[in-house]
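Welcome, and thanks for taking a look at this with me. Here are a few numbered points to read alongside the picture.

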Amino acid sequence: MSKPFVLGLTGSIGMGKSTVANMFEKLGVPVFDADAEVRRMQGPEGDLVDEIERAFPGTTGREGVDRTRLGAAVFDDPAALARLEAIVHPAVRAAREAFLRGHHAAPLVVFDIPLLFEKGGVEEVDEVLVVTAPLEVQRARVLARAGMTAERFAQILALQLPDSEKRKRADHLIDTGTSLAETEAAVARLVDKLSG
């Protein structure tokens with residue numbers, strides 16, 4: 001059975017990764033969205049709800065996992081976070097493998113994994129695309145989000161590999177600090193290059 005070329009898509013918060021993922025989809029490239037998969041598994045009747053409730057009592061309800069309560073249960077507790085990751089990561093990996101089997105005939109697929117470098121997964125992709133933007137663009141985008149504060153932004157950045165380090169490790173870079181048209185053109189060029 002043939003295997004598609006697997007491009008890992010990553011980037012720090014506010015860099016435009018979701019926008020770039022949508023551009024790949026518009027060009028017909030199958031995209032596996034790790035965050036969306038986690039939300040599905042933790043949503044109403046999600047596959048992981050019962051297991052998370054057993055590990056972290058009181059963190060779920062009719063709507064699935066209460067992300068605020070679960071976040072409070074694991075925040076600043078490395079052992080609790082490790083327990084949660086031991087539940088979530090194998091399930092996401094299995095979903096990613098099923099996605100790959102379902103798209104085995106595609107020349108190119110994208111794995112959209114926000115913490116690709118931080119949490120591992122680089123060995124599961126053929127090459128890595130890092131979406132980047134100037135710091136002031138990133139900061140403006142993130143602080144425009146509902147409920148976001150400068151302090152929370154700083155906390156999130158502290159958990160992520162610095163953008164400069166991600167860029168060094170990347171096989172491909174797309175700068176989203178330009179116009180949408182320029183970003184779309186860069187994505188289209190990359191699709192042509194990797195699908196060819």
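In which handedness of crossing does α2 pass α5?

1. The crossing is right-handed for α2 over α5; the term applies if the near helix is turned clockwise from the far one by less than a right angle, with anticlockwise being left-handed. Helices here are DSSP runs of H or I with at least four residues, and strands are E runs of at least two, numbered from the N terminus.

2. Before going on, please note that this is a predicted model, where local features need pLDDT of at least 70 and side-chain atom pairs count only at pLDDT 80 or more, while totals for chains, interfaces and linings use all residues. Residues are numbered from 1 along each chain as its sequence is written, and side-chain values use heavy atoms, leaving out hydrogens and water.

3. Back to the two helices: α2 covers residues 34-42 and α5 residues 78-102, and they pack at about 115° with axes 10 Å apart. The axes are lines fitted to C-alpha atoms over the stretch in contact, and angles run from 0 to 180 degrees between N-to-C directions. The pair is therefore roughly perpendicular, a label for angles of 65 to 115 degrees.

4. Who touches whom? On the α2 side, the contact (heavy atoms within 4.5 Å) involves Ala34, Glu37, Val38, Met41 and Gln42, and on the α5 side Val88, Ala91, Val92 and Ala95. Seven of these residues are nonpolar, one is polar and one is charged. In this scheme Ala, Val, Leu, Ile, Met, Phe, Trp, Tyr, Cys and Pro are nonpolar, Asp, Glu, Lys and Arg are charged, and the others, Gly among them, are polar.

5. Turning to charges, the whole structure holds 12 salt bridges, each a side-chain nitrogen of Lys or Arg within 4 Å of a carboxyl oxygen of Asp or Glu. One of them pairs aspartate 126 with lysine 3 at 3.7 Å between the closest N and O atoms. These partners are 123 residues apart: aspartate 126 lies in the loop between β5 (108-112) and β6 (127-132), and lysine 3 in the segment before β1 (5-10). Aspartate 126 is partly exposed at 38% relative accessibility, whereas lysine 3 is exposed at 54%. Buried means under 20% relative accessible area, exposed over 50% and partly exposed in between (1.4 Å probe, protein chains only).

6. Aspartate 47 and arginine 40 also form a salt bridge, with closest N and O atoms 3.5 Å apart. Aspartate 47 is exposed at 54%, and arginine 40 is partly exposed at 44%. Shared partners join Glu37, Arg40 and Asp47 into one salt-bridge network.

Conventions
Parallel < 35°, antiparallel > 145°, perpendicular 65-115°, else oblique.
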